[in-house]
Amino acid sequence: MKQSRKRILAPLVLVASLAMVLTGCGTSNLGGKKADSGAGNDGPIKIGAVLDITGVGASLGVPEQNTLNMLAKQLKDSGGIDGRQVQLIIEDDQSTEDGAAKATTKLIQGDNVDLVIGASRTGPSVAMRPIAEAAKIPMISIAANAVIVEGSKWVFKTAQNDLVVIQRILDDAKTKGYTKLALIRDATGFGEGVADTITKLGAERGISLVMTEAFEPSATDFTPQMTNVRGSNADAVVIWGITPSAGLAQKAYVQLGVNKPVYQSHGVANAAFFDAAGEAATGAIAPMGRLLVVDQLPKDNPQRDVIEKFKADYSGAFGDQPSSFAGHAYDAWHIAVAAMKKAGTEPAALRDAIEQTKDYVGISGIFTMTADNHSGLDSSALILADAKDGRWNLYKD
Amino acid sequence: MLTDFLQLTVAGLSQGTVYALLAVGLIAVYTVRNVINIAQGDYATLAGFGAIWLVTAGMPLLLAILVAILSVTLVSILVERVIIARVKNMTVLVSLIVTLGVSILLEAAMLILWGPEARSLPKLPGEDLFIGGVSIRSQELWMLGALVVVGGGIVFFYEKTKWGKALRACAEQPVAARIVGISPVMASVVAFGIAGLVGAVAGVVYSPIYLTIWSGGLLLGLKGFVAAVLGGLTSFRAAIVGALLLGMLESYVSAYVASGLRDAVAFFILIAVLIFRTQGLVLTPRQGRA
């Protein structure tokens, strides 16, 4: 007995300690070619990008990576900016905050980039912010939460603010007479503050938040949280997350046979949502940009030509359709390039030029940045879409 | 309240079947070779991706699943022949390090071959049930069925057949087993084959509802390991019960306590077992199998 006890104990201790170490770490990143240092004012322009290429944000980061690579190639073919070649250096943050911080430091200190794009999600973007600010290098995030840019001099972003997304959801809920909402949200940065915002903006509309549940973006089983949501007396539920988790949450909710309406965030504006949720996707309503419903827009919509060209380029290069996240990367790239054409790469001048972006017609909306608004989009950038027949459809413009 | 509880139980049981299958694979290898196979969970993701890839290439679902399971069984046997069998002084520590290497290798290969995004197999045929407010997905029944057939089959194999008894003999009395003519090489190959088989079965049945992602295997394997520990690393039956309990407990904790604690449950249990009850759920004191 004594001996067998010892025999079992040794591997147990080993595995237990391994488990703690391993679950925290992934493999080293895939991208990131080492670049020669030394960017001057006439050498190649360097744009760094930090994306969630692996990990929970992969459904966002992969199309973003594709988009940036495609746009960099297009720019190269057309001769760069003022005769200077543009070099794109992409780093994978593995969907982690510390990965994003490390990658940003590497890009700024090691590669001397002139501007940094990223990250794909709010948490990593927030981790990048102080590094860009300390180095005084302009940064354009492609994630959503307003905290990324609030009060920042050097940081901009291209995804629609979560605030206006919540407004759109609450306005629709009000017209339908829902007074009680349940929220199930991403436990990472993207879901931070959403409950408070719904409570605050809901109060003005006579809508209250009756329960909040959270989930890790790596979660696969949502029955526990959704069982609790079912037990609440909410009129409708808001699922706030990204694919695939938000799609699986939708599936689990529909599976429980609640038959109450579901609102999703702009975090599911891609085809991957339908892969994860399957038939259960049908009926979900989500605010998002116009990319996925461009074929249903009126002919005179100013964004239509831009979006259609992007879709054609993207599907020509990669064989599938771009997601809204690809669109955020597209906008970040074009805003950056336009500012560089105007002001060159001296950081302060470049920053000022980005802040002066005006009426830029992009994929996610028409951007006008100001000193107080580093997001550049208002609620007109959003439409409401509903999920039907395996795709997003224009529900309300 | 009761329906909620039952709903959580159903969700926990189906999650538990995955842990149970992986635990069966871990024990099969540990009892015969004294090797803890960190790559056990990666067999599941590998089979999931393999089947998804074949289905995308146009193969019928059931055939794709079968081919994927057989291929992963072969992969596991190859791992044994090419890597494990060549290690001269195999100790538990060495086995952990070596199979960790295998796990990283498999994950990197999957990332390169199939990309970083999560994907899923089409679900197996069947209607979802809805009984008294409790929803049971048809896929969950398939998962349970897989555990009963495959897990049960392996328990039967070990306990009732001559081959199985020979394997156990190898584990308990390696020298004596060799004297009576049982080949330790064959025993090791069969054990790894079983590990590949059950891992692959788990991977293809859970993919339609939990999705398959390249990096998912490690955590799944560790949860399976916790279940195996509940079986004292030797008892299939206790490990299967432990796995189902673990799944249910995770489900209850995320609903009634906090969903963020879900993945911590398994490791709390691991620590508790380490301190208080190294034989896990095994009831009778085991005869030393030194």
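What pattern does chain B follow, read along the sequence? Chain B runs α-α-α-α-β-β-α-α-α-α-α-α-α. That is eleven helices and two strands. Helices here are DSSP runs of H or I with at least four residues, strands are runs of E with at least two, and both are numbered from the N terminus.

Some ground rules. This is a predicted model, where local features need pLDDT of at least 70, side-chain atom pairs count only at pLDDT 80 or more, and totals for chains, interfaces and linings use all residues. Residues are numbered from 1 along each chain as its sequence is written, and chains are lettered from A and ligands numbered from 1 in the order in which they are written.

Stay with chain B. Its C-alpha atoms fill a box of roughly 60 × 45 × 35 Å along the principal axes. Of its 290 residues, 54% are buried. Buried means 20 or more other C-beta atoms within 10 Å of the residue's own; exposed means 12 or fewer; partly exposed is in between; C-beta atoms are placed from the backbone.

Next, contacts. Two residues are in contact if their C-beta atoms, placed from the backbone, lie within 7 Å. Take the contacts in chain B between residues at least 6 apart in sequence: 77% join residues at least 24 apart.

Now one helix, α5 of chain B, residues 138–160. Its buried residues include W142(B), M143(B), A146(B), L147(B) and V150(B). The buried residues of α5(B) pack against α1, β2, α6, α8 and α10 of chain B.

One residue next. L74(B) sits in helix α3, residues 61–83, of chain B. Is L74(B) buried or partly exposed? It counts as partly exposed, because it has 13 C-beta neighbours inside 10 Å. F192(B) is 118 residues from L74(B) in sequence, yet their C-alpha atoms are 9.0 Å apart.

Over to chain A. It has twelve helices and 14 strands. Of its 397 residues, 56% are buried. For contacts between residues at least 6 apart in sequence, 66% join residues at least 24 apart.

Last, the core. A nonpolar core is a set of buried Ala, Val, Leu, Ile, Met, Phe, Trp, Tyr and Cys residues joined through C-beta atoms within 7 Å. The largest one has 225 residues, and L181(A), L21(B) and A239(B) are among those with the most contacts inside it. Its largest share, 17 residues, comes from α1(B). L181(A) touches residues including A173(A), I198(A) and V238(A), leaving out those up to four places away in sequence.

Technical notes:
The expected span of a helix is 1.5 Å times one less than its number of residues.
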